[in-house]
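Trainee: I would like to learn how to read a structure like this one. Where do we begin?

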Amino acid sequence: MNDVTRRDFLKYSGAIGAALGTGSLSTVAQAQEVLKIGAVYVSPVAEIGWTKQHSLGVEAIKAAFGDKVELTVIDNIFMPQDAERIFRELASAGNKLIFGTSFSHGTPMQKVAPRFPKVAFEHCSGIVHLANLGTFEAKYYEGTFVAGAAGAYVSKAGKIGFIGGFPIPDIVGPANALLLGAQSVNPNATCNAIFLNSWFDPGKEKEAAKTLISQGCDVICSMTDTATGVQVAGEGGAWSIGYASDMAKFGSGKQLTSFVLDWTSDYVGAAKAVAAGTWKPEVRWDGLAGGVVKMAPYNEGIPADAKAKLKQLEADIGSGKVHPYAGELKDQDGKVKVAAGSVLADNDIRGMNWFVKGMIGKLS
């Protein structure tokens with residue numbers, strides 16, 4: 001975790017075990033008979049980004065429970081073998097609720113959870129559920145659809161650029177929705193996609209953003225754990241779309257909006273359920289309506305009438321009046337994947353492994 005968070009939130013105390021790799025471990029020492037909760041972050045806690053938003057969820061637990069909770073937080077744990085050991089040690093140390101915050105934590109949690117049936121495990125981005133393993137996720141695609149529409153209102157080229165960490169459904173689906181949102185405003189819009197095969201690699205992300213700008217993209221969206229894409233876009237004169245946190249301060253005045261993730265309801269809700277003895281594994285998947293996905297303030301460079309339309313689009317998606325994956329939808333090869341009058345089923349959204357027509361790039 002970053003120094004400010006360590007000083008102001010978590011105090012160092014005895015570790016469960018040495019943090020692995022470059023991971024760090026910190027604990028809030030509390031009185032006995034408190035609820036012990038562990039959280040494992042996939043990357044370091046920065047000022048903004050994916051892990052920062054999860055740290056705000058942990059802070060919300062602390063604010064809700066005060067000295068009735070003992071929190072153990074370990075950051076920068078990505079490799080599955082490291083994660084499995086950490087989850088096992090957290091469970092062995094008496095934590096009654098343990099959070100994993102990355103798709104890569106899935107297999108380790110599935111291995112550890114059955115060994116500790118009295119411990120509640122919560123996996124963000126998970127797809128497997130067990131008797132004591134629940135999942136929570138955000139409908140990122142709702143945010144990217146709105147952001148794509150915002151991009152189309154200001155784009156002169158009609159070309160959006162997308163940078164993703166990995167070509168997994170959680171990223172491929174939102175990339176498709178980004179373009180579909182743009183095409184709802186400009187039917188001829190296209191989107192160039194680049195995958196980094198990393199969640200945190202500012203160097204590769206910088207080069208990817210420069211490449212997209214050189215290809216003529218004048219709006220850039222990154223789904224990684226850094227603000228690099230927003231920063232490089234702004235420096236290069238392109239508009240940008242932030243992810244997870246509001247990244248406007250890094251965008252040289254060119255961030256259109258961010259689709260912000262607010263996990264506090266998931267964290268506090270799970271903690272309260274464990275404390276009350278009512279916790280059970282659930283599948284939670286919320287978006288704009290549930291407040292897990294929120295749109296950051298829109299850039300003043302977006303025309304006033306377009307801003308009003310974006311606000312209405314948010315409301316319509318939240319109410320179900322508009323569905324980002326409403327047919328007719330075709331894939332890159334022109335094959336109809338969703339017929340006119342239909343919408344893509346939830347299971348197909350969560351397993352999306354194909355690009356819509358107009359996406360330029362490969363899933364590799």
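Predicted model: local features only at pLDDT ≥ 70, side-chain atom pairs only at ≥ 80, totals over all residues.

Trainee: Is α5 largely enclosed or largely open, and why?

Mentor: Buried here means under 20% relative accessible area. In α5, 14 of the 15 residues are buried, so the helix is largely enclosed by the rest of the structure.

Trainee: Which residues have the most contacts inside the largest nonpolar core?

Mentor: Ile 61, Phe 162 and Trp 263, in a core of 85 residues. Helix α5 (residues 140-154) gives the largest share of this core, 9 residues. Another core, of 16 residues, lies apart from it; Ala 83, Leu 90, Ala 91 and Phe 116 are among them.

Trainee: What does Phe 162 touch, beyond its neighbours within four places in sequence?

Mentor: Its contacts include Ile 171, Ala 175 and Leu 178. Cys 191, Ile 194 and Phe 195 are also among them, as are Leu 212, Cys 221 and Met 223.

Trainee: Now α7. How far apart are its end C-alpha atoms, and what should the helix span?

Mentor: Helix α7 covers residues 202-214, which is 13 residues. At 1.5 Å a residue they should span 18 Å, and the end C-alpha atoms are 18 Å apart, which agrees.

Trainee: Which residues of α7 are buried?

Mentor: Glu 205, Ala 208, Ala 209 and Leu 212. They cover an arc of only 100° around the axis, which puts them on the same side of α7. The general idea: an α-helix has 3.6 residues a turn, so residues three or four places apart point the same way.

Trainee: What covers that buried set?

Mentor: The cover includes β7 (159-164), β8 (190-195), β9 (219-223) and α8 (228-235). Helix α7 lies across β7, β8 and β9, and runs at about 165° to β7. Just after α7, Gly 216 takes a positive phi of about 100°.

Trainee: In what order do the strands of the sheet come?

Mentor: The order is β13-β11-β10-β9-β7-β8-β16. These 7 strands form an open sheet with mixed pairing. β13 (293-295) and β16 (359-360) stand at the edges, each with a single partner strand, so one side of each is left without a neighbour in the sheet.

Trainee: In what sense do β9 and β10 pair?

Mentor: Parallel, over 3 bridges, with β10 covering residues 239-244. The bridge partner of Val 219 in β10 is Trp 239. Ser 240 is also placed in β10. It is buried, with a relative accessible area of 0%. Ile 220, Val 230 and Ala 233 are among its contacts.

Trainee: What about the loops? Is Gly 165 buried or exposed?

Mentor: Buried, at 0% relative accessibility. Gly 165 lies in the loop between β7 and α6 (169-183). Gly 165 and Ser 222 are 57 residues apart in sequence, and 8.3 Å apart in space, C-alpha to C-alpha. Gly 165 touches Trp 199, Met 223 and Thr 224, among others.

Trainee: Where is Asp 225 found?

Mentor: In the loop between β9 and α8. At 5% relative accessibility, Asp 225 counts as buried. Its contacts include Ser 43, Pro 44, Trp 50 and Trp 199. Arg 88 is 137 residues from Asp 225 along the chain, and their C-alpha atoms are separated by 26 Å.

How values were computed
Residues numbered from 1 in each chain as written. Heavy atoms only, no water. Helix = DSSP H or I, 4+ residues; strand = E, 2+ residues; numbered from the N terminus. Expected span 1.5 Å × (residues − 1). Buried < 20%, exposed > 50% of the residue type's maximum accessible area, 1.4 Å probe, protein only. Arc of directions from axis to C-beta. Contact = heavy atoms within 4.5 Å. Pairing = 2+ DSSP bridges. Axes fitted to C-alpha atoms, helices over the stretch in contact; angles between N-to-C directions. Core = buried A, V, L, I, M, F, W, Y, C linked by side-chain atoms within 4.5 Å.
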